[in-house]
Amino acid sequence: MKKLIISKAIQWLALTAVFLIILMSLSRLVFFRVFPPPTSHAGFSLSDVLLMGFRFDARVVAVTCLIIWLPGLIPSLHPFTSRAGKRLAMTLWVLFLLVAGIFYAVDFANFAYLNERLNAGLLNYMADAQTSAQMVWETYPVVKIIIGLLVLCFSGTAFINWLYRSIAIKERIVPKPARITSGVAFFLILTLMIFGRLGQYPLRWSDAFILGNDYASNVALNPFQSFFSSLKFRNSTYDISKVKKAYPVMTEYLGISHPDTTTLNFTRSVAPDSTGREALNVIVVICESFSMYKSSMSGNPLNTTPYFAELCREGVFFDRCFTPSYGTARGVWTTVTGTPDVALTKTSSRNPNAVNQHTIINDFKAHEKFYFIGGSLSWANIRGILTNNIQGLQLYEQDDYEAVKVDVWGISDKNLLLSANKILSRQKKPFVAVIQTADNHRPYTIPEEDKAEFKLAHTPMDSLKRYGFESIDELNAFRYTDYCFRKFMEAARREPYFNNTVFVFVGDHGIGGDAQQLYPAAWSQELSSQHVPLLFYAPALLRPQAYHFNVSQSDVLSTVAGICKIPYTNTTLGRDILSPFIQQNPEVQAAFIYNPDKRRIGVVKGNYFYSCGIDGKLSEQMYSTIDNRAAPGNDSLRRAYSQLTEAWYETARYLLLNNKGK
């Protein structure tokens, strides 16, 4: 009988590891093929990406091998001498293949939708599992994906079992010294693969970003690494020493007349400069995924929103408005409270400690309060933040309308807006109403009842890609939004309340993508997912005006209160962007940007976008927002942007837990 220097178990695990690493590398090439790099992210080495990806893949496989190998050191669980050991090892491999298949399937779907790798932020949707599951069912070919996963799991298991049988039939022994030596060597190799490098510090997810290209970095990661690296950032709090350090910067930025570092006073009591005006109505429309670069207002040749562009020419329009972050729940939070939602993974609406928030809506004391949504407010616990903080709020959800539900998001936006108009037209008192749309969202449903009047576009795929759209369904959903706004405004013009109402339209967020045909590179790098239109429309009350300085979604309610001449108390980070303080002071014309998935924060101010890693753990970057020239290497300029960025972030973290309703 021949002697071996490597045990059968180690041979089996090593060959299986090679098989899995090859499989994961092939999936990376498939990823590269399915999601080719946009031209704005070209100029990287695919071999460098694959090498970095190999290191991440090897780590995952090494962890799995270690979990399977260690029990086998017990004689009764050895996979080649014990039936129970073989059964345990094969069961663990099957579980790994199944979990890996699910991770990769979800990862591909997530990137197709958000241009982001799988991260722990998706766990937020588990809080609304039924709604999320229905959206997935209506959007993706779930049955085909499940069949594919089962085929993958069966095929992979069969191959691993074949490797096992090929090794098991060999009648060879391993001397004890060789068994010990090979075992120690195998353990050290696995440890090195898990650590990821020879050096003081282990391989980290952020090492992918040394490739100098966001797209390349995303391709290098695998879903296990991106998911578990983001998992530890789920909990958030604040550092009071950093808040106090930031306080002088924020008091100057917010125009606080009575600063107090001890009490951290952020209160501004704002009185109108005139009285006697009839109380105005307010309708705030929070527009789902309303990306500026995809709209007609940006000059997009696909001319997706011609009607809304006409409204913008007739109203007070801000073409450089930014949402602090991505996500509907974060957008609703910021709009209603005036504080950017800088919770790291779970949105603040789900945090019981943050549910009590002051909102300027309550300063409209003579007004009725309404919130309209086509679906359910149970999603993301939005119901809690609204009902807990807005006094006397009247909610309307999908079951409160006569219109039928068309998909997971409830009734169509057209019927939502027309239903809201009908209800508001009956009001005898002034009102503040928020209407949250949803149709510009997967599964991009166009109701059958509207297809006769709303004509579907048939734009070639190359034109879609060139101007920011991933599919014809996405384009038509964006166009349908414009159609719904037209139907709503035409109906509202026929109502008595119209001439006494301020209409506000703001995107809840944008959608990240390649905007290079319309904007400088900074937009494609980061800002396309936060850049949204902001319109204040009241033709009988407001003179048309276009503004081109940077403002934030957090400024909406402060500005509305200023237009309506309402005395109000402001305790957060929103400002009246039509006030002389903002209009005449370029130094405070800025917007905060927060990306929890990349762990980056930043600020758009003047002609530049500055960003850095949270707590300075990732390198700072600075881009021009008006052209593609490099930002100046001015240390004092970068320092000023850095201080404002950190001040925004630390103050927002503090206010999420300390902006209690009075």
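Of the 662 residues in the protein chain, 56% count as buried, where buried means under 20% relative accessible area, exposed means over 50%, and partly exposed is in between, with a 1.4 Å probe and protein chains only. Before going on, a word on what we are looking at: this is a predicted model, in which local features need pLDDT of at least 70 and side-chain atom pairs count only at pLDDT 80 or more, while totals for chains, interfaces and linings use all residues. Residues are numbered from 1 along each chain as its sequence is written, and side-chain values use heavy atoms, with hydrogens and water left out.

Overall form, then. The protein chain has 19 helices and 17 strands; these are DSSP runs numbered from the N terminus, with helices being H or I of at least four residues and strands E of at least two. Its radius of gyration is 28 Å, close to the 26 Å that the globule rule gives for 662 residues, so the chain is as compact as a globular protein of that length. That radius is taken over C-alpha atoms, and the rule is 2.2 Å times the number of residues to the power 0.38. Along the principal axes, the C-alpha trace spans about 105 × 60 × 45 Å.

On contacts, meaning heavy atoms within 4.5 Å: among those in the protein chain with a separation of 6 or more, 74% are between residues 24 or more positions apart. The chain exposes about 28,300 Å², and carbon and sulfur atoms supply 58% of that area, by the Shrake-Rupley method with a 1.4 Å probe. As for charge, there are 65 positive and 52 negative side chains, and the centres of the two sets lie 11 Å apart. Here Lys and Arg count as positive and Asp and Glu as negative, with His and the chain ends not counted; the place of a charge is NZ of Lys, CZ of Arg, CG of Asp or CD of Glu.

Now the interior. In soluble globular proteins, nonpolar side chains tend to be buried together. A nonpolar core here is a set of buried Ala, Val, Leu, Ile, Met, Phe, Trp, Tyr and Cys residues joined through side-chain atoms within 4.5 Å. Which members of the largest core touch the most other members? They are Leu534 and Phe536, out of 80 residues. Helix 19, residues 635-658, gives this core its largest share, nine residues. A second, separate core has 59 residues, including Tyr467 and Leu535. Back to Leu534: beyond its neighbours within four places in sequence, its contacts include Val316, Phe318, Val504, Val506, Val551 and Ile577.

Ser529 sits in the loop between helix 16 (521-525) and strand 10 (531-537). With 11% relative accessibility, Ser529 counts as buried. Not counting residues up to four places away in sequence, Ser529 touches Thr323, Tyr326, His509, Gly510, Ile511 and Gly512.

Next, the backbone. Most residues other than glycine have a negative phi, and most peptide bonds are trans. The bond from Arg442 to Pro443 is cis, with omega near 15 degrees. Pro443 is in the loop between strand 8 (431-436) and helix 14 (461-466), and it is buried at 19% relative accessible area. Outside four places in sequence, Pro443 is in contact with Glu138, Thr139, Asp407, Val408 and Trp409. Tyr444, found in that loop between strand 8 and helix 14, has a positive phi of about 55 degrees although it is not a glycine. Tyr444 is buried too, with a relative accessible area of 13%.

Ser289 is a non-glycine residue with a positive phi, near 50 degrees. Where does Ser289 lie? In the loop between strand 4 (281-287) and helix 10 (306-314). Its relative accessible area is 3%, so Ser289 is buried.

Lys244 is in helix 9, residues 240-254, and counts as partly exposed at 37% relative accessibility. Setting aside neighbours within four places in sequence, Lys244 is in contact with Thr261 and Leu264. Leu418 is in helix 13, residues 413-425, and is partly exposed at 27%. Leu418 touches Lys487, Phe488 and Ala491, again not counting residues up to four places away.
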